[in-house]
Amino acid sequence: MTQQDPPGERPNPDQTDSAGLLAPAHSAHSPRAQDEVIDVEYEVLREAVRPARGPDLLRAAATARSTTSDGAAHALLKGDDARDALAGWGHAHGQSPAPRHRRRLILKWVKPLSFADCLDAGCGDGDLLRDIIRQGRSVGATIAGFGCDASLDDAILRQPDPAGCSFLKLDPLTQPWPGGRQFELVVCSEVLGNALQWRPALANLIRMTRRYLLLTVPAGPMRMADRVAGHQHHFDGLELAGAVVGHGLTLLRQRRWGFPVHSLYQSTLSHLSAGLGAGHPPGERPSSLPMRLVAEGLYLAFFSNDLFHGGAQQILLAERKDGIRIGV
């Protein structure tokens with residue numbers, strides 16, 4: 001696959017919920033129904049609820065904004081500080097408001113689909129995949145769950161999975177599943193935006209897709225917190241939808257999410273992210289009661305974003321038709 005945009009890949013950039021606008025001609029027969037990622041929002045929440053640390057955090061953020069260039073954003077987290085930040089990764093995705101809402105939206109979009117197996121490409125700790133499998137079982141569907149991640153924890157690979165899922169240490173942005181296996185549903189959440197070359201990465205995901213492809217990606221401006229988290233690209237307008245349709249898939253659903261509360265929250269994180277290198281004292285539980293209360297309050301506030309169709313989160317669902325061939 002080349003890096004050149006296919007014809008028609010960049011239409012009006014401000015359209016949302018645009019199923020049908022980018023569907024290829026044959027879609028009339030389609031049913032409508034290299035960086036480790038750091039959870040920046042979790043680390044900011046954990047630090048911000050400590051009164052003694054709050055002033056230092058704000059002063060550090062102000063200093064970094066005046067001295068740190070965009071290209072040096074990753075230097076904010078190095079060595080022991082980076083390991084401290086990564087220590088809260090599992091807790092972060094269980095409690096931070098934005099990941100919880102992404103999982104909620106993904107499960108809502110997946111529920112009406114019919115599929116026998118699912119691949120979570122970039123599965124992290126596997127919680128999203130397990131939720132998809134459990135949701136299927138709740139409506140009487142038997143779904144085989146598979147997950148892959150380039151930095152998958154060895155413990156997940158060794159121990160029996162409670163939901164019966166299978167995991168493989170594999171980079172879904174550059175490597176196909178062994179044997180060329182395809183899956184009826186491929187979910188890739190918040191991974192594609194971290195690819196240095198997202199177009200070849202998207203092509204690899206489509207190679208593993210037999211029917212449905214569900215993507216969530218960052219959109220909107222690239223802020224310091226996003227760079228610290230390893231973001232390489234934010235998707236504008238219909239950029240991603242155009243690329244997906246350029247491979248011959250049919251766009252079923254697309255929307256932007258996050259305005260107004262999450263957008264304001266992300267802006268705040270960008271101002272605070274410079275304080276992330278502080279870490280936490282040895283022996284402290286990474287999930288304190290005050291942090292959980294703050295996260296829960298924000299989670300509830302984020303439901304107001306469902307009333308609007310804008311924001312810095314993009315979710316897309318597409319369907320692949322038989323006979324599609326992916327270029328090199």
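Visitor: Are W257 and F302 buried or exposed?
Guide: The model is predicted, and the assignment is computed from it. A residue is classed as buried when its relative accessible area is under 20%. By that criterion W257 and F302 are both buried.

Visitor: How many aromatic pairs does a search of the whole structure find, and which geometry does the pair of F146 and W177 have?
Guide: The search of the whole structure gives 7 aromatic pairs. In the pair of F146 and W177, the centres are 5.9 Å apart and the planes make an angle of 80°. Planes over 60 degrees apart count as edge-to-face, so the pair of F146 and W177 is edge-to-face.

Visitor: How many residues apart are F146 and W177?
Guide: F146 belongs to strand β2 (residues 144-149), whereas W177 is in the loop between β3 (166-169) and β4 (183-189). The pair therefore links distant parts of the chain, with a separation of 31 residues.

Visitor: What is the relative accessibility of F146, and what is that of W177?
Guide: The cut-off for a buried residue is under 20%. F146 counts as buried because its relative accessibility is 13%. W177 likewise counts as buried, with a relative accessibility of 11%.

Visitor: Why is the pair of W257 and F302 edge-to-face?
Guide: The ring centres of W257 and F302 lie 6.1 Å apart. The pair is edge-to-face because the angle between its planes is 70°.

Visitor: Which parts does the pair of W257 and F302 tie together, and how many residues apart are they in sequence?
Guide: W257 lies in strand β6 (residues 250-257). F302 is placed in the loop between α12 (289-301) and β7 (313-319), so the parts tied together are apart in sequence by 45 residues.

Visitor: Over which rings do the charged ends of R100 and R253 sit?
Guide: For R100, the charged end is 3.6 Å from the centre of the ring of Y299. For R253, the corresponding distance is 4.0 Å, and the ring is that of W109.

Visitor: Which residues make the nonpolar surface patch of about 320 Å²?
Guide: One member, L307, is in the loop between α12 and β7. L307 is exposed, because its relative accessible area is 68%. The patch is made by L307, F259 and F308.

Visitor: Where is H234, and what separates its C-alpha atom from that of G220?
Guide: H234 is placed in the loop between α9 (224-228) and α10 (239-246). H234 counts as buried because its relative accessibility is 8%. Its contacts beyond four places in sequence include P218, D226, E239 and G220. G220 is 14 residues from H234 along the chain, and their C-alpha atoms are separated by 6.4 Å.

Key:
Residues are numbered from 1 along each chain as its sequence is written. This is a predicted model: local features need pLDDT of at least 70, side-chain atom pairs count only at pLDDT 80 or more; totals for chains, interfaces and linings use all residues. Side-chain values use heavy atoms; hydrogens and water are left out. Rings of Phe, Tyr and Trp (its six-membered ring) pair if their centres lie within 6.5 Å; planes under 30 degrees apart count as stacked, over 60 as edge-to-face and the rest as tilted. Helices (H or I, at least four residues) and strands (E, at least two) are DSSP runs, numbered from the N terminus. Buried means under 20% relative accessible area, exposed over 50%, partly exposed in between (1.4 Å probe, protein chains only). A charge sits over a ring if NZ of Lys or CZ of Arg is within 6 Å of the ring centre and within 35 degrees of the ring normal. Patches are made of residues with over 30% relative accessible area and no salt bridge: like charges are joined within 9 Å, nonpolar side chains (Val, Leu, Ile, Met, Phe, Trp, Tyr) within 5 Å. Accessible areas come from the Shrake-Rupley method with a 1.4 Å probe; for residues, only the protein chains shown count as cover. A salt bridge is a side-chain nitrogen of Lys or Arg within 4 Å of a carboxyl oxygen of Asp or Glu. Contact means heavy atoms within 4.5 Å.
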